[in-house]
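Dear colleague,

Please find the structure below, followed by an account of what was found in it.

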Amino acid sequence: MIILTVRTFSLLSNEYATEGIRSMITAQIEVSGLAKRIGDVEAVRDVTFVAAPGRVTGFLGPNGAGKSTTLRILLGLARSDSGTALIGGRRYAELPDPTGTVGAVLDLAGAHPAMTARGHLRAYCALGGHDAGRVEAVAELTGMSEYLDRRVGGFSTGMRQRLSLATALLGDPAALVLDEPSNGLDPAGIVWLRTFLREFAAKGGTVLISSHVLTELQHGIDDLVLIDRGRTTWSGPLDAFTARGTSLEEAFLELTSGVESSPVPTATATPNATEGIRA
Amino acid sequence: MTRLLRGEVAKLFATRLPLWSLVTAALCGGGLTGLLSLIGPENATPPLPGLGAAEGVGIVVGMSGLLLFVPALIGTIAVTGEYRHRTIGTTFLAAPRRGRVLAAKLIVFGGLGVGYGVVSSLFAGLAVAAGAAVQGVELGVPLADLVALLARIALAAAVYMVLGVAIGALARHQLLAVGIVLGYFYFLEHVLMIIPGVNVIHPFLPGGATAALTDFTFLGDAIAEQLPMAAASTTSPLVGALVLLGYAVVAAWLAIAIPLRRDLR
């Protein structure tokens, strides 16, 4: 499969609020027929979807559906048994400037508690081969400038998530991949993140964000990819999903339970409106 | 590769590990040697040759070689910390060619190991000189010989740190890796040293090679005095150095080659 990457220059590149995110080379994410067995479990059986530049794509599924495994394969941290996961037409390991192409916010990508945030960002800036000035820039972008000289060990979960996002932005990437980034964020933090990702996408960036909580995604995404038991069961614009006539929750349950006609157990059929569906 | 080296150096110096390593080196190098020098080896039970004899200096300085598991542990803890704190994911995202990442790490820690060895040997040298001065005896070896011996111990420290990094990269789990290092140097190697028949391989084990490199056969000789058997032999210092470097190369190669295909979880 050949992907043409188009150099686009956003008209908004000088907007004050997002200074530091330059106009970018776009990078489409394309996952096709992905499969991976972990031990006896087929963690991922057939995952296929596209996350397009300029759009926020939600990657939704119950716990254990294969979201994290898919993202790890996409980011070169795990190997697939078959299928492809490409960013801008290349596998992650083949990207000439990986962190300058994709930024990742993962549970797996932590920070050493003994380092200050500045020390952490400097080290990974050097490792990624980015300009040292990016450290201040990403701290500004993620609102953690005043925390730069504190040790990571004393950070709240919310601050860790911001540091993780700041690390992901060091290379000024064209795509962002976030695995359950809202875990540990307070409501204000979630709104802030949503706004940030919208602005990132508005500049032509590709955003792929996973969650197991439907209501967390429904306000911030353009496209939706549903995954259940290792298979993508639905993908397309969010509008098309909600236009199915049923409520979001019903549609989600129908598409992730795999049994369309049978009644859904009461416990999961009446999801808590504030928490969304936690499978 | 320059980028990876710079990244690993930045990572190392973002923690207090270099500082604590050198403080530890000073304590390990100066501590045991200093204590024994001040007491005077001839006052030990059973009495050892004094500092006025070459043998006495060798034993006292070689004592710092007994603490070579310390640089190994520093390397092990540093590299397994990457897995423990899950920073290895961030590292492999920035540099997906894992072999090069680990090669850079081994080089950087080799450098820290040299620093450790130099500081440790410097303090061991100062300690033995101070001990001799306090007792009013002339050191039993010419200065050049003492410096050469200390340099060999410093080299061994650097190799042990690289070995520690490699063991950590292979074991990944911090406690497991620390257990392997301590279990080997404190227990297994000594057991192998006293089993008749098996102890012929001792010169070619890391500890035996180290003993050859540092001319330190005190333990083996002491065991031989207690047991009805010949002391575990050692090879020449040069062969010992080559054997030790061989272990470092093999361990480094394994550490670079094996993690390449592993999935992060």
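In chain A, 48% of the 279 residues are buried, a residue being buried if 20 or more other C-beta atoms, placed from the backbone, lie within 10 Å of its own. This is a predicted model, in which local features need pLDDT of at least 70 and side-chain atom pairs count only at pLDDT 80 or more, while totals for chains, interfaces and linings use all residues. Residues are numbered from 1 along each chain as its sequence is written, and chains are lettered from A and ligands numbered from 1 in the order in which they are written.

Chain A has 10 helices and nine strands, where helices (H or I, at least four residues) and strands (E, at least two) are DSSP runs numbered from the N terminus.

Helix H3 (residues 117–128) and helix H4 (residues 134–141) of chain A pack at an angle of about 125°, with their axes 9 Å apart; axes are lines fitted to C-alpha atoms, for helices over the stretch in contact, and angles run from 0 to 180 degrees between N-to-C directions. H3(A) and H4(A) are therefore oblique to each other, since angles under 35 degrees count as roughly parallel, over 145 as roughly antiparallel, 65 to 115 as roughly perpendicular and the rest as oblique.

As for the two chains, 24 residues of chain B are in contact with 30 residues of chain A, contact meaning that the C-beta atoms of two residues, placed from the backbone, lie within 7 Å. On the side of chain B that touches chain A, H5(B) gives the most, with seven residues.

With best wishes

Conventions. A residue is buried if 20 or more other C-beta atoms lie within 10 Å of its own, exposed if 12 or fewer, and partly exposed in between; C-beta atoms are placed from the backbone.
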